[in-house]
Amino acid sequence: MRFWSTAERIRPWASGKSLGKRPGSNRAAFFSPAETLLLEIHNIYKHFGGIHAVEDASFTIEQGSITGLIGPNGAGKTTLFNVIAGLYPADSGRVLFGGQDITGFAPHDLFAKGVLRTFQIAHEFSSLSVRENLMVVPGSQLGERLLDTWLRPARVKAEEITIGQRADEVIDFLQLNPVATELAGNLSGGQKKLLELGRTMMAEPKIVFLDEVGAGVNRTLLRTIGDSILRLNREQGYTFCMIEHDMDFISRLCDPVIVMASGSVLAKGTAQEVMNNEAVIEAYLGTGRKHARERVT
Ligand SMILES: Nc1ncnc2c1ncn2[C@@H]1O[C@H](COP(=O)(O)OP(=O)(O)O)[C@@H](O)[C@H]1O
Ligand SMILES: [Mg+2]
């Protein structure tokens with residue numbers, strides 16, 4: 001499997017590349033059909049005391065896909081994300097990325113590989129502006145290397161300018177210009193989600209995990225977030241795996257859609273297929289939700 005070189009991945013813009021099409025976005029040119037598996041989840045188990053949160057979950061994610069992960073509350077979706085992202089150790093099972101075993105890798109090692117999970121803007125970053133939040137993404141800051149700061153101040157300055165330009169491109173891309181100098185703490189819920197997505201863009205990810213990016217976001221911003229995800233996927237080849245409840249949103253963006261229930265995978269198919277799947281409908285109804293059927297049909 002061909003991945004971008006480290007230099008390209010960490011600072012593609014430093015070599016004059018902008019947010020335009022990047023290497024790898026033309027999948028057909030780089031990946032033969034047999035090489036398109038990006039992530040493989042094999043038989044993951046994770047329990048908390050007596051709760052079997054994830055039980056024998058297995059699925060694969062194709063390079064260049066936007067894979068949806070749905071399922072009733074408590075199905076184990078977030079726990080599985082946390083296992084993949086290195087926040088929880090799995091009890092057993094394996095995670096492969098580009099064929100390499102990354103099970104149990106720490107978040108910073110996954111970050112270096114381009115496997116990113118978005119996180120809420122940490123409290124201490126709420127007093128930084130949107131643009132500053134983008135500029136301080138770890139790995140995008142050569143100037144933080146002390147030796148460089150002493151020995152090569154001119155280079156550090158140049159790097160800072162480049163990172164600033166990159167931040168501005170991300171701001172443009174996500175249409176965050178009106179709030180670029182606003183403190184992150186003052187953003188609306190949807191704008192914060194866009195900023196979280198922007199922070200992953202600073203790190204040039206290969207796969208981004210989004211956990212309920214649409215939760216509590218108004219319709220207009222949800223559309224902007226959806227459009228941004230689609231463009232990042234189509235124009236720049238990002239692969240996404242997203243947990244979401246809003247089936248309109250899922251249907252518009254995701255193919256395939258994986259359904260989890262009781263810790264394992266129940267179904268995989270197009271949004272339409274899984275919404276018509278009897279076992280899936282049963283799983284939602286089985287949670288006793290009043291409007292379960294409407295959520296999946
Ligand atoms: N840190 C934790 N400690 C104990 N139980 C947990 C923890 N995280 C999740 N669980 C439990 O694991 C199950 C799966 O939760 P979760 O992965 O959050 O599901 P989902 O994201 O699909 O709603 C639930 O029963 C939940 O209460
Ligand atoms: Mg969850």
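1. Let us start with how helix α8 passes helix α9: the crossing is left-handed, a term used when the near helix is turned anticlockwise from the far one by less than a right angle, with clockwise making it right-handed. Helices (H or I, at least four residues) and strands (E, at least two) are DSSP runs, numbered from the N terminus. The model you are looking at is predicted, with local features needing pLDDT of at least 70 and side-chain atom pairs counting only at pLDDT 80 or more, while totals for chains, interfaces and linings use all residues. Residues are numbered from 1 along each chain as its sequence is written, and chains are lettered from A and ligands numbered from 1 in the order in which they are written.

2. What angle do the axes of α8 and α9 make? The axes of α8 (residues 189-202) and α9 (residues 219-236) cross at roughly 15 degrees and come within 9 Å; they are lines fitted to C-alpha atoms, for helices over the stretch in contact, with angles from 0 to 180 degrees between N-to-C directions. The two helices are therefore roughly parallel to each other (under 35 degrees; over 145 is roughly antiparallel, 65 to 115 roughly perpendicular and the rest oblique).

3. On the α8 side, Gly190, Gln191, Lys193, Leu194 and Leu197 meet Leu221, Leu222, Thr224, Ile225 and Ser228 of α9. By class, this contact of α8 with α9 holds five nonpolar, four polar and one charged residues. Here Ala, Val, Leu, Ile, Met, Phe, Trp, Tyr, Cys and Pro count as nonpolar, Asp, Glu, Lys and Arg as charged, and the others, Gly among them, as polar. Contact means C-beta atoms, placed from the backbone, within 7 Å.

4. Now to helix α3 (residues 77-84): seven of its eight residues are buried, so α3 is largely enclosed by the rest of the structure. A residue is buried with 20 or more other C-beta atoms within 10 Å of its own, exposed with 12 or fewer, and partly exposed in between, the C-beta atoms being placed from the backbone. The buried residues of α3 include Lys77, Leu80 and Phe81. Just after α3, Gly86 takes a positive phi of about 80 degrees.

5. Which element gives the most to the shell around ligand 1? That is α3, with three residues; β2 (51-62) also supplies at least two. Among the residues around ligand 1 are Phe48, Gly74, Lys77, Thr78 and Thr79, each counted as near if its C-beta atom, placed from the backbone, lies within 6 Å. The shell divides into four nonpolar, six polar and one charged.

6. Ile243 in β8 (residues 239-243) is buried, with 23 other C-beta atoms within 10 Å, and beyond four places in sequence its contacts include Lys77, Thr78 and Phe81. Met260 in β9 (residues 257-261) is buried too, with 25 such atoms, and its contacts beyond four places include Lys77, Gly76 and Ala75.

7. Some backbone details deserve a look. A cis peptide bond joins Asp255 and Pro256, with omega about 5 degrees, and Pro256 lies in the loop between α10 (247-253) and β9. Glu204 has a positive phi near 50 degrees and counts as buried, with 21 C-beta neighbours inside 10 Å. Glu212 has a positive phi near 50 degrees but counts as partly exposed, with 15 neighbours.

Key. Contact = placed C-beta atoms within 7 Å.
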